[in-house]
Each structure stands twice: as C-alpha cells, then as structure tokens.
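Let's take a friendly walk through this model, with the side chains as our guide. Have a look at the sequence and the fold first.

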Amino acid sequence: MENVLEIVLWGVFGIVSLGVIALAAIVLAVSLMSHRAYAEEGRLWQQLQASGRPLQGVAVSLARSPTGYSRRGPVGQRMTAVQLGVAYVDAAGIEQQTTLRTLIDEDLLAHFSAGRPDIHLLQDPQDPSRLAIDRSHTPLEIRGARR
C-alpha cells in the first residue's frame with residue numbers, strides 16, 4: 001500500500017513539474033516574441049542610417065503594448081514597448097500614416113503624445129513602407145552621463 005501511495009505522489013509531482021515547465025516555456029516564448037517585435041524598428045534604423053530617406057512626422061496616437069512588455073535600458077531606465085501612430089508626407093508629397101512598434105524610455109513618453117511635432121523618420125528607399133525613427137534627431141532614450 002505504501003508503494004502505491006509513493007507511486008501516486010511521484011506521479012502527481014511529475015505532472016505538476018511538467019505543468020510548471022510548460023508555463024515557464026510559454027512565458028519565455030511570449031516575452032521573446034514581444035522583444036523581437038518591438039526591437040525590429042531599432043534594427044531597421046541601424047540599417048537605414050546611411051541610406052535612409054529623411055522624413056518629418058507627427059505623432060497621431062500612442063499606446064502601450066497590449067502585453068505590457070518593457071525592459072531595462074542600457075543605463076537602468078525602463079524602456080516601454082509602444083505602438084506609435086505617425087502621420088508623415090512621403091517623397092511624392094502624399095500624406096501617409098503608419099504605426100511603428102518601438103521601445104521608448106518611460107521618461108520620454110510624453111514627448112510622443114498625439115499632436116507633438118517633429119518626429120524624424122528614415123524611410124527605406126527600396127521599400128517605402130519600411131520606416132524607422134531617426135534616433136540621431138528624435139531620441140527614444142535618455143543616455144547616461146559620460147564620466
């Protein structure tokens with residue numbers, strides 16, 4: 001009887017352990033997908049620094065990520081994942097609107113509220129639908145002081 005109880009307890013322990021591992025894997029997968037989705041715009045900016053077409057934009061909307069994703073920045077600040085709606089005039093003079101998923105320093109979020117002017121963008125000359133915020137003119141984070 002004692003052996004049966006021990007086997008049942010080990011079985012319950014095994015099932016609970018598998019559940020915890022599965023839950024941790026799901027949380028990790030969602031976190032990695034969120035990070036990838038909101039870091040992609042920053043990678044595009046790095047690619048477009050030399051060849052991107054500069055444009056001016058205006059924020060038309062700002063919403064935090066539906067998952068609430070955020071991460072620590074390089075100097076300890078909180079970088080918040082947002083969906084930033086931007087209106088801009090393209091190279092052909094046509095008014096366009098897009099939503100950029102990016103990470104912005106929490107202390108700078110107010111600068112990107114709707115109607116604020118001067119969001120500098122870089123447009124991919126090969127694919128005009130690809131835009132990134134030009135961080136050299138519109139910073140997304142407050143940098144740490146140099147020592």
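Which residues does Leu121 touch, not counting residues up to four places away in sequence? The model is a predicted one, and in it Leu121 touches Arg53, Pro54, Leu55, Gly57, Val86, Tyr88, Leu100, Ala132, Ile133 and Asp134.

## Nonpolar cores

Leu121 also belongs to the largest nonpolar core, a set of 16 residues. Two or more residues each come from strand 1 (53–64), strand 3 (78–89), strand 4 (95–105), strand 5 (119–123) and strand 6 (131–133). Strand 3 is the top contributor, giving four residues.

There is also a second, separate core, made of six residues, including Tyr38, Met79, Ala81 and Leu103.

## Salt bridges

Searching the whole structure turns up two salt bridges. In one of them, the side chains of Arg135 and Glu41 meet at 2.5 Å, N to O. Arg135 sits in the segment after strand 6 and Glu41 in helix 1, so this pair ties together parts that are 94 residues apart in sequence. Glu41 is buried, at 5% relative accessible area.

Arg130 and Asp124 form a salt bridge too, with 3.1 Å between the closest N and O atoms. Arg130 is partly exposed, with a relative accessible area of 33%, whereas Asp124 is buried at 10%.

Val4, Val8, Val12, Val16 and Val20 make a nonpolar surface patch of about 430 Å². Val4 is found in helix 1, which covers residues 2–48.

Notes. Residues are numbered from 1 along each chain as its sequence is written. This is a predicted model: local features need pLDDT of at least 70, side-chain atom pairs count only at pLDDT 80 or more; totals for chains, interfaces and linings use all residues. Side-chain values use heavy atoms; hydrogens and water are left out. Patches are made of residues with over 30% relative accessible area and no salt bridge: like charges are joined within 9 Å, nonpolar side chains (Val, Leu, Ile, Met, Phe, Trp, Tyr) within 5 Å. Accessible areas come from the Shrake-Rupley method with a 1.4 Å probe; for residues, only the protein chains shown count as cover. A salt bridge is a side-chain nitrogen of Lys or Arg within 4 Å of a carboxyl oxygen of Asp or Glu. A nonpolar core is a set of buried Ala, Val, Leu, Ile, Met, Phe, Trp, Tyr and Cys residues joined through side-chain atoms within 4.5 Å. Buried means under 20% relative accessible area, exposed over 50%, partly exposed in between (1.4 Å probe, protein chains only). Contact means heavy atoms within 4.5 Å.
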